[in-house]
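Subject: Structure handover

Hello,

I am passing the structure on to you with this email. Please open it first and then read the notes below it.

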Amino acid sequence: MLSRVADSIYWLNRYIERAENVARFVEVNLNLLMDNPVGVAQQWDPLIAVTGDRALFNERYEQATAERVLDFLTFDATSPNSIRSCVRAARENARSVRETISSEMWEQVNAFYLQVEDAAQSKESKDSYAFYSEVKMASHRFAGVMDATLSWNESWHFGQLGRFLERADKTARILDVKYFLLLPSVQEVGTPLDNLQWIALLKSASAYEMYRKTEQMISPAGVAKFLLLDPHFPRSVKFCLKWAEESLSQIAGVSASSTPLSSQRALGRLRAELEYITLDEIFQQGLHQFLDDFQVGINKVGSCIYHDFIALPGTPEKSAIATANALQS
Amino acid sequence: MSFKDYDPGDFYDELFTTRGIPRETAALLIERIESLSIERLIQQQQAAQNTLFKLGVTFNVYGDNQGTERVFPFDVVPRIISGQDWLQLEKGLKQRITALNCFLDDIYNDQKIIKDGIVPRATIESASGFLRPCVGLKPPKGIWCHITGTDLVRDRQGTWYVLEDNLRCPSGVSYVLENRTVMKSSFPTLFNELDIRAVDDYPGQLLETLLELAPDHISDPKVVILSPGAFNSAYFEHSFLAQQMGITLVEGRDLVVDDGHVKMRTTKGLEQVDVIYRRIDDDFIDPTEFRADSMLGVPGLMDIFRQGRVAIANAPGTGVADDKLVYAYVPDMIRYYLGEEQIIPNVPTYFCEDEKQQSHVLSNLDSLVVKATDASGGYGMLIGTQSSKEEQTQFAEKIKTNPRGYIAQPTLCLSRMPTLIDQSFQGRHVDLRPFILYGQSKTPYVNPGGLTRVALREGSLVVNSSQGGGSKDTWVMNGV
C-alpha cells in the first residue's frame with residue numbers, strides 16, 4: 001500500500017484513540033471532584049501533564065482552573081491535543097484515505113466530527129458528562145466498525161499499530177502523572193480519600209471493574225501492576241505492546257530468515273522488557289524513571305515505523321511526504 | 001403538493017408544456033409529486049441533503065479561507081429527458097468527441113487542418129491550452145481525450161446547444177451517481193413504475209477505458225487516479241471514483257520517476273504504475289516541462305509518457321480544444337474529419353479578434369454574453385442582460401486590450417424547470433453535463449443523462465456549484 005496512506009491510517013487511529021483518552025481523564029476528574037470534601041484543592045493541573053502540553057498551557061494561563069483546563073482539553077481548536085483538535089485531525093487523515101478505508105469507517109469518523117463540532121458551538125454541552133461518554137463511545141464505535149468492515153489486511157494492521165501504541169503511551173502517562181501526584185501524601189495512604197483517588201485512576205483507564213476481578217484490594221502497587229503488566233486487560237501497557245507487535249510483524253511480512261526491521265527491533269525490545277520485568281524491579285529503579293524510559297522507547301518505535309515504511313530511503317524527494325505528514329505527533 | 005400555481009413562464013420548461021399541462025414523459029412524476037404533502041416533500045429534500053452531508057459528498061470552496069466544505073445543494077424534482085431526445089444527444093456527443101480526438105491528434109502531429117486552411121495557425125498556437133511539449137506526441141492507442149463532460153443547454157425553443165466541451169478533467173460524475181442513490185431511496189416506487197435508464201455502470205466503464213490504455217505486454221496493469229489532494233474542490237469525487245473502481249488514489253508526492261518508469265512509494269518499496277487517470281491540470285503535471293512551481297505533479301512524468309511507458313488520461317494538451325475560440329471551429333472539425341454535419345449545434349460565437357465582429361460586440365454588450373477564452377467554471381464572464389454599465393465598460397476595455405482573450409455569444413434564454421424553493425415550486429434555469437468515455441475497442445460510451453445543474457437564485461443563469469448552483473437527478477426514459 002502507499003506509504004502516505006499507511007501513515008494516514010496509522011494517525012487516524014492514533015488521533016481517535018487520543019480523543020478517547022482525553023475524554024476519559026476529563027470525565028473521571030469531573031466525577032472525582034463531586035466526591036471530594038469541600039475545601040480539598042481541585043486537581044486540574046495533572047490533566048494538562050497527561051497530554052504533554054504543559055508548556056503551551058503555562059504560556060497562555062497562569063493558573064489551571066477547571067474552566068480553562070476543560071476548554072484547553074476539550075473544545076480549544078488551537079490546543080493540539082484537545083478532543084476537538086484530535087477529532088479534526090482524525091477526520092483530515094480519514095478524508096485523505098477515503099478510498100482505502102470502508103465507507104462505514106468514514107461515515108463514523110465524519111459523524112464523530114460533526115458531533116464534536118456541534119457540541120463546541122453550543123455552550124451548554126461544555127460541562128456535560130454526556131459529551132465525554134459520547135466521545136468514548138464514538139471511539140469504540142469507530143474501532144468496532146473498522147474491525148467489522150475493513151479487511152484485516154495491511155491497512156487494518158497499520159490502524160491497529162497506531163491504536164495500540166497510542167493507548168500504551170496514554171496508559172503509561174496517566175499512571176506516571178497520577179502516581180507522582182498521589183503517592184507523596186503519605187499520611188493519607190489508606191484513607192477513604194486516598195482510595196477514591198486510586199479508584200479514579202483506574203476508572204480513567206476503564207480498568208476499575210476488571211481490576212476488582214483480578215486484584216480485588218486497592219493498593220498503589222496493585223494498580224501499577226495491573227495497568228502495566230496485566231496480560232489480559234486491553235488497556236494495559238503489556239497487552240497493547242503485544243498486539244502492536246503482532247500487527248507490526250504482519251506488516252513487515254513473516255519470514256524467519258529475513259533480518260528484522262529497525263521498528264521490529266525497537267518494539268520487540270520494549271515488549272520483551274515488559275514481558276519479563278517484575279513489579280519489584282520496576283519499583284527498584286523507580287516507577288517514574290521506568291515510565292520515563294518507556295516513553296523514550298515508544299517514541300523511538302514511532303520514528304522507526306516512519307523510517308521503515310513511510311519515508312523510504314533511496315527515493316529522491318522523500319522530503320515531499322515528510323513535509324505533509326511527518327508533522328503529526 | 002400541487003403544481004397549479006407553478007408558472008412555466010415564457011421559457012422552455014423541462015417538465016411542462018404550458019401551465020398545468022405536464023410533458024408526456026413527466027406526467028406520472030408530476031402526478032406522484034402532487035400526491036405528496038408539502039411537508040413530506042420538504043422532509044425528503046432535507047433527508048437527501050443530510051444523507052449527502054453524512055456521506056461527506058462535499059466540495060471545498062476556493063477563496064474561502066475557512067476551508068468550508070459544502071454540500072452541493074440537491075433538489076428533489078428530477079429532470080426528465082425523453083428516450084428520443086436522448087438518442088439524438090447521444091449521437092451528437094459521440095460525433096463530437098470523435099472529431100475532437102481527430103483534431104487533437106492532428107494539431108499535435110501533421111497539422112493538416114491548419115495546412116488545409118480550416119483553422120488558422122494563430123488561433124491554435126495562441127490558445128493557452130496548446131502545449132508545445134506535446135507536439136509530436138503519440139499517446140497510447142492514438143487517443144488523446146478519454147473522458148469528457150460536455151456542457152449542454154437548451155434555448156427558449158427547446159433546441160439543444162453545446163456550450164463547452166471540457167476536455168481536461170471535467171468533474172461532477174460522482175454527483176450523478178450519488179444523486180441517483182439518494183433519489184432511489186426517496187422515491188422507490190417511481191423507479192419501479194417508470195423505465196428509467198440506470199447510471200451505475202459508469203465506474204466499470206471508466207475502469208475498462210483506463211485498463212485498455214496500458215501497454216500491451218503488461219498482463220496486470222496498475223491503474224491509479226492522480227489527485228491534487230484532500231484540499232481540492234473535487235477531492236470527494238476523486239476518492240469516490242477510486243473507491244468505486246478499486247484503484248489507488250495517489251497524489252504527486254506518492255509518485256516518482258525511477259529506472260524509466262513511473263512508480264509509487266509503498267510500504268514495501270517502489271511499485272510500477274502503468275495508467276494514470278489524472279485529475280490535475282496540464283500545467284501542473286510535470287514541473288520539469290510545465291509550471292516549475294507545481295508541487296502537485298511528478299518531475300519527469302512527461303518523458304516516461306513520451307516513451308510510452310505510462311499512459312495518461314486525458315493526455316496532456318487536450319485543453320487546447322477547451323479554448324473558446326477553438327470551440328467555435330468544432331463544426332468545421334466535424335465536417336473536416338468526419339464529413340458530417342454536427343448533430344448538436346454550437347452556440348453562435350463572435351470573435352473579438354475580428355474587427356467587424358468586435359465592434360458588433362462592443363455596441364451590444366448589454367445583450368451579449370462575453371467570455372474569457374481560457375476561463376471556465378462561470379468565471380471571467382459578463383452576462384450583458386444582467387450587468388451594470390460599469391461592468392460593461394470594464395469588459396469593453398478588456399476586449400480592446402486583449403481581443404484574442406474574449407469571445408461573445410448571444411444570451412441564451414436557458415430552459416427552466418420546477419425547483420423546490422421556500423416551500424413552493426419555482427422555475428429555475430438548468431443545464432446538463434453528460435459524461436462521455438472514448439476508448440479504442442468500442443464505440444464511445446455516454447452515461448445516460450448526466451449532471452443537471454440548476455441556478456438556484458431567481459433569474460440567474462449561472463449554474464456552477466461555486467456560484468450558487470445546485471443539482472438534480474436526471475432521468476433518461478427508455479423508449480419514449
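What follows is a short account of what was found, taken part by part.

Please keep in mind that this is a predicted model.

Domains of chain B

Chain B is divided into domain 1 (16-342 + 412-476) and domain 2 (350-410). The C-alpha centres of these two domains of chain B lie 27 Å apart. Domain 1 of chain B puts 14 residues into the contact, and domain 2 of chain B puts in 11 residues. On the side of domain 1 of chain B that touches domain 2 of chain B, there are five nonpolar, five polar and four charged residues.

Contact between the chains

Chain B has 19 residues in contact with 23 residues of chain A. On the chain B side, helix H2 (38-55), H9, strand S10 (248-250) and strand S12 (261-266) each supply at least two of the residues that touch chain A. By class, that side of chain B has seven nonpolar, seven polar and five charged residues.

An open sheet in chain B

Four strands of chain B form an open sheet in the order S10-S9-S14-S15, with parallel pairing. S10 and S15 of chain B are at the edges and have a single partner strand each, so one side of each has no neighbour in the sheet. From one strand to the next, the twist averages 30 degrees. H9(B) packs on this sheet, where it touches S9 and S10 of chain B. The direction of H9(B) makes about 150 degrees with that of S10(B). S14(B) and S15(B) run parallel and are joined by three bridges. Ala311(B), in S15(B), is the bridge partner of Val275(B).

The peptide bond from Ala313(B) to Asn314(B) is cis, with omega near -15 degrees. Asn314(B) belongs to the loop between S15 and helix H11 (324-327) of chain B.

Helix H8 of chain B

Helix H8 (residues 202-211) of chain B has these buried residues: Tyr202(B), Leu206(B), Thr209(B) and Leu210(B). Seen down the axis of H8(B), they fall within an arc of 95 degrees, so they line one face of the helix. An α-helix has 3.6 residues a turn, so residues three or four places apart point the same way. The buried residues of H8(B) pack against several elements of chain B, including helix H6 (173-186), strand S9 (223-226), helix H9 (235-245) and strand S14 (275-278).

Two residues with positive phi

Most residues other than glycine have a negative phi. Asp259(B) has a positive phi, near 55 degrees, and lies in the loop between strand S11 (255-258) and S12 of chain B. Asp259(B) is exposed, because 7 other C-beta atoms lie within 10 Å and the cut-off for exposed is 12 or fewer. Asp422(B) also has a positive phi, near 45 degrees, and is found in the loop between strand S20 (416-421) and strand S21 (424-433) of chain B. Asp422(B) is exposed, with 6 other C-beta atoms within 10 Å.

One residue in chain A

Is Arg14(A) buried or exposed? Arg14(A) counts as buried, because it has 26 C-beta neighbours inside 10 Å. Arg14(A) is part of helix H1 (residues 3-35) of chain A. Leaving aside neighbours within four places in sequence, Arg14(A) is in contact with Gly162(A), Arg163(A) and Glu166(A). Arg14(A) and Ala90(A) are 76 residues apart in sequence, and their C-alpha atoms are 8.0 Å apart in space.

Regards

Key: Residues numbered from 1 in each chain as written. Chains lettered and ligands numbered in written order. Predicted model: local features only at pLDDT ≥ 70, side-chain atom pairs only at ≥ 80, totals over all residues. Buried ≥ 20, exposed ≤ 12 C-beta atoms within 10 Å, placed from the backbone. Arc of directions from axis to C-beta. Contact = placed C-beta atoms within 7 Å. Nonpolar A, V, L, I, M, F, W, Y, C, P; charged D, E, K, R; others polar. Pairing = 2+ DSSP bridges. Axes fitted to C-alpha atoms, helices over the stretch in contact; angles between N-to-C directions. Domains from an automatic or database assignment.
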